[in-house]
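Student: I have a structure to study, and I want to know what stands behind each label. Can we go through it together?

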Amino acid sequence: MTAQSAQISKLGAAARRFVSQTRNLLINGEHVPARSGKTFETFDPADNGVICAVAEAGAEDIDLAVQAARRQFDGGEWSKLRPSERERLILRLADLVEQHADELAELEAIDNGKLLPYARFGDVSMAVDFLRYMAGWATKIEGRTIHPSVPYVQEARFWSYTLKEPVGVVGQIIPWNFPLVMAAWKIGPALATGCTVVLKPAEQTPLTALRLGELCLEAGIPAGVVNVVPGFGHTAGVAMVEHPGIDKIAFTGSTETGKAIGRAAVDTMKRVSLELGGKSPMIVMADADMDVAIPGAAMGIFFNQGQVCTAGSRLYVQRSVFDKVTEGIAEIAKSFKLGPAFAEDAQLGPLVSKAQQERVGSYIQSGLDQGAVALSGGRVVEGQGCFVEPTVFVNANRDMKIVQEEIFGPVIVAQPIDDLDDIAAVANDTIYGLGASIWTTNLNTAHGLAAKIRAGSVWINSHNIVDPAVPFGGFKQSGYGREMGQEVIDLYTETKAVTMMV
Ligand code: NAP
Ligand code: MG
């Protein structure tokens, strides 16, 4: 039998109560076991101890959740609410998330492994801000009026207008790296536009999404509008993608899974939005302010243990400052104290799971095997917990796996830049196009490169700056569509053209 997580004793009363029983599915406003009776355990990656059991949704449960969501969408109470009423409900949800911030942060920290202060002041705060931002959009969704010419109808005249209608029941499949934030990113725009939701959190981190689902009910969002169905991708996830009652799949996760979802969704012609992987470059010029660039680039890769889709995992540094920058980042990496989420002196937590630790470990080994040199780290930490030493690789080249593939861990690969005309081409030498950063004090370099880089987010003298008002998403194999900002409204609406003879 697997031991219990030692950190359960560190949870506050509310979070401890939440994990003291098997967590059921949330379908049609009720806590229900899976039809199959199956459960799975969720783990604390700090010591691989069990946190609690969670009901495991299968195809039958997905079907019940879709039916509940359909009833609300197709003429239910939800479909009749005015935009301002939806706005108020989302604002109430944001207030509840804020009121339960400590509980949610504790659940996030123990389930994902991220350090408690990051969960509290990063993830939970961001989820609150995002929900509040999206609430405002509910009353600001507008179409256009058009005066068509219609040349083949000589005498008649026409007017057209467009309606932005909610796309319908949305199946949302999210990853484990920012579980609550991802749930808020997905639920927020769905509610603002009037859609209904079947949400599948990642099997590694189901807890905060389940709690958020309860808070939706407490906020007064009608039962069945937001259903939360933890389970596995190959069963529950596949059942969602195939279900004819789901109108759209919104997915965040790996490019490989995103491609499988895109292919499968074609059969029912579901709308699909995909926020996928990356291999984002950070470009440090010799004229950069090194007091900003070195710690900034270190955070660009090591934040959230490198488990960030826009993690700055490729580092390109102008030759004259290459040693200074790479050694500076390696010094920071060596200084980090690794520890569990609730340890006050910990500066870097474990990865999310044993599987992820092994995956990152095998990438590190492949780097060493192919001749890269680790200035820091270079090993997984043996023993309890899913820890990996933050690793800075040099002596790398473009053909190495560690330069081409998404590692999703605290591993950065640095290469020097000699030819300034070549920088954009080198940065773009990847199948991905999610993020990039440029560190320089020269305005021409900054904006000139920003224009040439093929990525959805380009940051200047910063990295991983994400805000609800700013669109976010990928070029190339990093996905389809833009979340956040006004662009997200298009992801959750269909445009209808109405034309009238006048
Ligand atoms: P993943 O397979 O993309 O999982 C993301 C979500 O998709 C999870 O909820 C997963 O469920 C579900 N899923 C998996 N297969 C599915 C399918 N065929 N149909 C429908 N849903 C499906 O990612 P992972 O396996 O957890 O991690 C593997 C690698 O993906 C990581 O090492 C990292 O490189 C990358 N990744 C990227 C991001 C990102 O934000 N870009 C996020 C997570 C992972 P289960 O959890 O039950 O499998
Ligand atoms: Mg877990």
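Student: Which element gives the most to the lining of the second largest pocket?

Tutor: Helix α5 does, with 5 residues. This is a predicted model, where local features need pLDDT of at least 70, side-chain atom pairs count only at pLDDT 80 or more, and totals for chains, interfaces and linings use all residues. Residues are numbered from 1 along each chain as its sequence is written, chains are lettered from A and ligands numbered from 1 in the order in which they are written, and side-chain values use heavy atoms, with hydrogens and water left out.

Student: What makes a space a pocket, and what makes it a cavity?

Tutor: Take a 1 Å grid over the protein atoms alone. A cavity is a set of points where a 1.4 Å probe fits but cannot get out. A pocket is an open set with protein on both sides within 12 Å along at least five of seven lines. Lining residues have an atom within 4 Å of a point.

Student: What is the volume of the second largest pocket, and which residues are closest to its centre?

Tutor: The second largest pocket holds about 450 Å³. Its lining has 21 residues, and M126, F178, F303, N464 and V466 are the closest to the centre.

Student: Why is the largest pocket said to lie between domain 1 and domain 2?

Tutor: Domain bounds come from an automatic or database domain assignment. Here they are domain 1 (6-276 + 479-498) and domain 2 (281-467). Both give residues to the lining of the largest pocket, so this pocket lies between them. The second largest pocket also takes lining residues from both domains, so it too lies between them. The C-alpha centres of the two domains are 30 Å apart.

Student: What lines the largest pocket?

Tutor: Its lining has 48 residues, with W176, E203, Q204, S254 and T257 nearest the centre. The volume is about 1200 Å³.

Student: How many cavities of 30 Å³ or more are there?

Tutor: The count is 5. The largest cavity has about 90 Å³. Among its lining residues are K114, Y118, F303 and Q347.

Student: Why is P45 called buried?

Tutor: Buried means under 20% relative accessible area, exposed over 50%, and partly exposed in between (1.4 Å probe, protein chains only). P45 has 1% relative accessibility, so P45 counts as buried.

Student: Which residues does P45 touch beyond its neighbours in sequence?

Tutor: Contact means heavy atoms within 4.5 Å. Leaving aside neighbours within four places in sequence, the contacts of P45 include I110, D111, P350 and C386. P45 and I110 are 65 residues apart in sequence, yet their C-alpha atoms are 7.7 Å apart.

Student: How do you know which atoms coordinate the magnesium ion (ligand 2)?

Tutor: Donors are N, O and S atoms within 2.8 Å of the metal (3.2 Å for Na, K and Ca). Water is not among the atoms, so sites may look incomplete. F43 (O), D111 (O), D111 (OD) and Q204 (O) sit at 2.3 to 2.5 Å from the magnesium ion (ligand 2). F43 is in strand β3 and D111 in helix α4, 68 residues apart.

Conventions. Grid points are joined across faces, edges and corners, and a volume is the space filled by probe spheres set on the points. Helices (H or I, at least four residues) and strands (E, at least two) are DSSP runs, numbered from the N terminus.
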